[in-house]
Structure formats: structure tokens, C-alpha cells
Amino acid sequence: MTFPDLPDLARRFRKELDEKKFVLLYAYNATGKTRLSVAFKDLGKQDDERDTLYFNAFTEDLFQWDNDLKNDRERVLKINKHSRFFAGLEQLEMDNRIRPLLSRYADFDFRIDTTEWEVSFSREVESAGARTLVEDIKVSRGEENIFVWCFFLAIVQLVLDGAEAYKWVKYVYIDDPISSLDEHNAIVVANHLAQLLLKANNAPKTVVSSHHTLFFNVLGNEFGKKAHRHFLSKGAGETYMLRDTGKTPFFHHVASLRELCEAADSGELRTYHFNMMRAVMEKAASFHGYSNFADCIQPDEDDPDKTLYARVVNIMSHGNYSLYEPVDMMDENKAIFRKVLSDFRKNFPFNPTLFEGPNNEAPAA
């Protein structure tokens, strides 16, 4: 199906939500996912009335750091108190609602000051055998993102509980909530979100869009027949094309491989991508009857150093890489990663249409 603009597409989604509880949307970056979420939200605006609670890049902008540049001591995250997103913040004990959600993903704590409209963070650190609480810290960008995500989940829970402050919410729209998470935690976040919505008696109709194939895949499996599943791409001119992904979304290992190809093409390679690549190779080795993932490393005859490549993949896939501060690969490791990935795709060919997209063409036969 072709749509002339994003508002027309947003109207289509609202119509689909009359039929099913969820709409899942997969699209590459720069396709227009965030603008689509805004178009969907704008359709529900009538004067001062709203009907959509949304999570997107604009949600993260409701939080801004005050780094205390003068004293470099009391660093806090300021909250935009004028946003309807924070309705009822003073009365609803949000600290106690967010904390159990945040503890799934993080090791820091926080305190919300509803007088100054700011959040302060703290963390216990171990020194000389004793644990000390360090207050007013600045958390990393990834930790900030997961805090905002848990804040949003706490609000969704209030919606599910029928809180008066969020009675206006008819739809929830979630756009790309996990851009900084690795493969394992993408599964955890997707599963947690799905269970939260599926177990509720009166959950709002929900749209989830993502460029992360694995995240999309897990949600597709969790929601099953309760969701419409689509792939969005740009058409001719300013048009947009919507394609049904079918009853079965991308398989886990195919989703991972697609993610690896995107990372290799963009240059945004992190050390944990070796772990993902090894997992894909282990599945391929098992399917083809090999005893070890290294048997899937089959370089060209003019570059036969299989032992070196297998050793690098093995070493790099056993590191303890941070969820919140992914480590960039060194240039020499990026070269090895791309070489091993390219050879793997040539020697174990997948359907090339799975890898079509901007800057991510299938290798020549």
C-alpha cells in the first residue's frame, strides 16, 4: 500500500487499531518513524485535549541536564514541569513506581524532587573493602535513556491501573526505545513490554515502531495474532510504502544477522557485535552439521588464515561488555569483523531480499 504522506499513514494505523490491539512497524533509520509518531499524536489533538501517550526522541528531550558548571558537584536532571507527560507526578509516588522497573537494568538509584522538578542520581561504589554511597552523580547517556524508559513504563502502568491523571490516554505510541541496548537486553526489554501490555485487562491500543530487527521479532512473537505487522519504506517522491511482514516476522538469527550487516555498513561497530556474530555462526554450524562455529569461517583461498579469524572471534565474544557504555571496536578488529561477516554471507547465503535497504546490499554471487 502507498500513502501520500505521514498523516494519511497515521490515520491508517488508527483504523487498524479498531480491529486489533497492537500495530508493529519495522523501518530503517531516516525513514520517518519519529515524524510518524508525531503525526499520529497530532491526529488526537483537539484544542487542549489529547489521546496519545508517546515515547520518542521528543520524550527524552523533556529531561535536560544541569551539570552545575560553577561547582561541578550537584549535577541533576531537570524535568519539564509543563508537559502533560508528568501529570500527577507530585501525588503518585513515582519514585516507588520507577525503582522496581529500573532495578531490572541498572545499578544506580535516584530521587525525584517535585519542588525543584529535578532528578538526582546516586550509586554505591566499593573502595578498600567498604561500600560508599556517591551522590549527585551524572549517569551515562545510556543509563539516562534507560531511566527515561522506566519512567515511561511507570506511567504506562498508571494508565493500566486507571489513574485519574492519565484518563485521557486512549493510545500509546512507542518509537525506538532501545537504541543503546545490546542483543540480550533488546530481548529483555521487548519481553517485559509485551507482558506488561498483554496481562492488562484494559490496555490502551498500542503502536510500536523500531529499526531493530530483533526487538521487532520478539514483539511479533509475543503479540501473535493480536498485532498488525508492517514494514515501512520510502516510495517515489514523498510517498510511503507499507508492506505486511506476514504472520511470521524475522527469525531470531536472521534478525541478528541483519543487525550485524547494518552495523558493519554504518561503521558503528561495538565489541559485543562479535558475540552476536558468534551466536549466528553457532546456529548455522548446528544446522549444517558442523561441530564448531569456527567451521563456518571459510575465507577465500587467497586469504586462508582461518585460525586467526576464529581466534579473534572467540576472544572478542567472551568479553564482559557494558550494557550502557558499548565499546567501539579498534580499526583492525573492524576489518576482521567485516571480512568474517562477508565471507560467512557468501559461503552460507541467506535470502538477499532480507538485507535490502540503504547502504546494505546483498553481496554479489
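**Exercise 1. Work out whether T59 is buried or exposed in this predicted model.**

*Solution.* 
Step 1: Take the relative accessibility of T59, which is 2%.
Step 2: Compare it with the cut-off: buried means under 20% relative accessible area.
Step 3: T59 therefore counts as buried.
Step 4: Now place T59 in the fold: it belongs to helix α3, residues 57-60.
Step 5: Look for its partners. Not counting residues up to four places away in sequence, T59 touches Y54, F85 and V148.

**Exercise 2. Find the element that holds S120, and name the residues S120 is in contact with.**

*Solution.* 
Step 1: S120 sits in strand β7, which covers residues 118-127.
Step 2: Its relative accessible area is 12%, so S120 is buried.
Step 3: Set aside neighbours within four places in sequence; S120 is then in contact with V76, D109, F110, R111 and D136.

**Exercise 3. Describe the backbone and the setting of W117 and of D176.**

*Solution.* 
Step 1: Recall a handy background point: most residues other than glycine have a negative phi.
Step 2: Check W117. Its phi is near 55°, a positive value in a residue other than glycine.
Step 3: Locate W117: the loop between β6 (109-113) and β7. With a relative accessible area of 13%, W117 is buried.
Step 4: Turn to D176. Here phi is near 45°, again positive in a residue other than glycine.
Step 5: D176 is in the loop between β9 (171-175) and α6 (183-198), and at 15% relative accessibility D176 counts as buried.

**Exercise 4. Describe how helices α1 and α2 pack.**

*Solution.* 
Step 1: Start with what you need: two packed helices are described by the angle between their axes and the distance between the axes.
Step 2: For α1 (residues 6-16) and α2 (residues 33-43), the angle is about 65° and the axes are 8 Å apart.
Step 3: Angles of 65 to 115 degrees count as roughly perpendicular, and α1 and α2 are therefore roughly perpendicular to each other.
Step 4: List who meets whom. From α1 come L6, P7, L9, A10, R11, F13 and R14, and they meet R35, L36, A39, F40, K41 and L43 of α2.
Step 5: Sort this contact by class: nine residues are nonpolar, four are charged and none is polar.

**Exercise 5. Sum up the whole protein: how many helices and strands are there, and what share of its residues is buried?**

*Solution.* 
Step 1: The secondary structure comes to eleven helices and twelve strands.
Step 2: Of the 365 residues, 51% count as buried.

Definitions and conventions: Residues are numbered from 1 along each chain as its sequence is written. This is a predicted model: local features need pLDDT of at least 70, side-chain atom pairs count only at pLDDT 80 or more; totals for chains, interfaces and linings use all residues. Side-chain values use heavy atoms; hydrogens and water are left out. Axes are lines fitted to C-alpha atoms, for helices over the stretch in contact, and angles run from 0 to 180 degrees between N-to-C directions. Helices (H or I, at least four residues) and strands (E, at least two) are DSSP runs, numbered from the N terminus. Angles under 35 degrees count as roughly parallel, over 145 as roughly antiparallel, 65 to 115 as roughly perpendicular and the rest as oblique. Contact means heavy atoms within 4.5 Å. Ala, Val, Leu, Ile, Met, Phe, Trp, Tyr, Cys and Pro count as nonpolar, Asp, Glu, Lys and Arg as charged, and the others, Gly among them, as polar. Buried means under 20% relative accessible area, exposed over 50%, partly exposed in between (1.4 Å probe, protein chains only).
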